[in-house]
Amino acid sequence: MGKYFGTDGFRGEANKTLTAEHAFKIGRYLGWYYGKEHRCKAVIGKDTRRSSYMFEYALCAGLTSSGADAYLLHVTTTPSVSYIARTEDFDFGVMISASHNPYYDNGIKLINSKGEKMSEAILDEIEKYIDGEIPEIPLALGKDIGRTVDYSEGRNRYTGYIISLARHSYKNLRIGLDSSNGSTWMLAKSIFDTLGAKTYCIGNSPDGININENCGSTHIESLCELVKKENLDIGFAFDGDADRCLAVDSDGKVLTGDHILYFCSKYMKEKGELEKNTIAATVMSNLGLFKSLEEMGIECQVTDVGDKFVYEAMTKGGFCLGGEESGHIIFSKFASTGDGLITALKIMETFIESKCPSSKLSDGFTLYPQLTVNVRVKDKNAALSNPNVQKAKEKIENELSGNGRILVRKSGTEPLLRVMVEAETKEKCEKFSNYVADVIRENESE
């Protein structure tokens with residue numbers, strides 16, 4: 001990770017950590033970098049945060065002043081930007097979103113022409129430009145100045161693509177949708193209605209400051225209540241930019257990313273569609289997933305936390321399924337990034353072909369109790385490497401003695417250490433995770 005760009009773009013509080021000037025300079029550099037030999041074309045999307053408009057305009061000013069053309073998808077999903085960047089004639093894409101973060105944060109995600117995250121080498125150069133470590137780049141003049149283009153048709157093409165992936169009609173199915181007051185607030189209902197479902201929607205009234213507020217995949221309780229109240233067949237909750245999806249079964253129980261990886265890999269194996277008989281999952285996936293996969297004879301490539309690392313492992317190994325317990329699931333046959341809408345459609349496919357209630361999808365899968373405690377720190381590297389913190393971690397590992405595990409890792413997007421414990425009981429999870437978290441806090445104040 002660099003000074004500004006983490007595992008999921010440049011993210012922080014709008015006008016404090018991430019400013020319009022940052023966005024302008026990012027546009028300036030990229031417009032110049034990709035426009036050295038031809039007129040650069042960039043596609044831009046944004047979520048529903050109030051600050052997204054400010055960053056969109058700043059990016060456009062930077063791009064056009066460097067001679068690039070900016071094509072605007074307006075409010076859309078991160079996966080749609082990835083899809084348009086890789087299927088149409090664009091040099092790169094930009095998504096303005098802080099994903100599941102609260103409204104006052106925002107972020108800039110950079111996507112290459114293959115629909116993948118932009119290379120670290122280019123991000124490093126952007127950071128140098130932001131900090132004035134490389135010479136000022138020339139401004140475009142006269143007819144070389146770029147333009148902005150309304151490109152809502154690109155979003156419509158993406159919607160058509162998603163609909164085309166459905167293998168079944170959803171007629172007579174009652175489906176709940178929680179759009180997190182974010183990017184899917186219009187898309188999700190449109191897609192599921194087109195496929196014949198009877199939809200029940202919440203989190204679909206964005207006002208610029210209610211994105212992720214008590215709704216969406218990070219606050220799924222509202223969807224659980226909706227599914228139970230309306231006696232729905234299944235429900236789906238997306239995060240702010242819709243690269244994640246969690247589900248709620250017909251009993252009102254949450255289906256995490258690990259549940260989804262479990263029953264989708266099982267289904268794909270039975271269909272002969274699970275390439276290399278292997279999936280990719282991060283170290284944060286539950287022990288229950290690893291044990292269930294082993295019982296089914298499915299291999300699992302374990303990666304560092306972050307969809308970037310999951311996708312790299314999938315690309316290198318030739319796998320077609322991977323993801324994170326947070327609901328960031330990648331079906332590489334259809335997308336080069338996690339796509340919440342595709343995930344929902346693949347869950348529907350598995351559900352419909354199972355010919356059973358959605359509450360039966362996770363039969364045979366048992367979650368170990370798990371708890372993650374987030375500790376805010378001044379210096380993530382220093383806090384993680386502190387000898388007292390390491391000793392505390394080793395002490396818990398010895399006490400777990402193979403009947404669980406502890407992970408202490410840095411957040412890729414925030415100044416946090418995350419302490420995750422899995423154990424036989426919730427009480428042990430709370431005891432052990434809080435013990436290590438307290439040690440981190442004590443050493444942070446020294």
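Is Cys60 buried or exposed? Cys60 is buried, with a relative accessible area of 6%; buried means under 20% relative accessible area, exposed over 50%, and partly exposed in between (1.4 Å probe, protein chains only).

## Basis of the model

The model is predicted: local features need pLDDT of at least 70 and side-chain atom pairs count only at pLDDT 80 or more, whereas totals for chains, interfaces and linings use all residues. Residues are numbered from 1 along each chain as its sequence is written, and side-chain values use heavy atoms, with hydrogens and water left out.

## The three-stranded sheet

An open, antiparallel sheet is built from three strands in the order β17-β19-β18. Strands (E, at least two residues) and helices (H or I, at least four) are DSSP runs, numbered from the N terminus; two strands pair if DSSP finds at least two bridges between them. β17 (370-376) and β18 (405-410) each have a single partner strand, so one side of each lacks a neighbour in the sheet. Neighbouring strands are turned by 15 degrees against each other on average, direction ignored.

Seven bridges join β17 to the antiparallel β19 (residues 416-422). Val373 has Val419 of β19 as its bridge partner.

## Helices on the sheet

Helix α13 (residues 387-400) packs on the sheet, touching β18 and β19, and its direction makes about 155 degrees with that of β18. Helix α14 (residues 426-444) touches β17, β18 and β19, at about 15 degrees to β17. Contact means heavy atoms within 4.5 Å; axes are lines fitted to C-alpha atoms, for helices over the stretch in contact, and angles run from 0 to 180 degrees between N-to-C directions.

## Cysteines

Zero disulfides are found in the whole structure, a disulfide being a pair of cysteine sulfur atoms within 2.5 Å. The sulfur of Cys60 lies 12 Å from its closest cysteine sulfur, in Cys40, too far for a bond. Cys215 is buried at 4% relative accessible area, and its sulfur is 13 Å from the closest cysteine sulfur, in Cys201, also too far for a bond.
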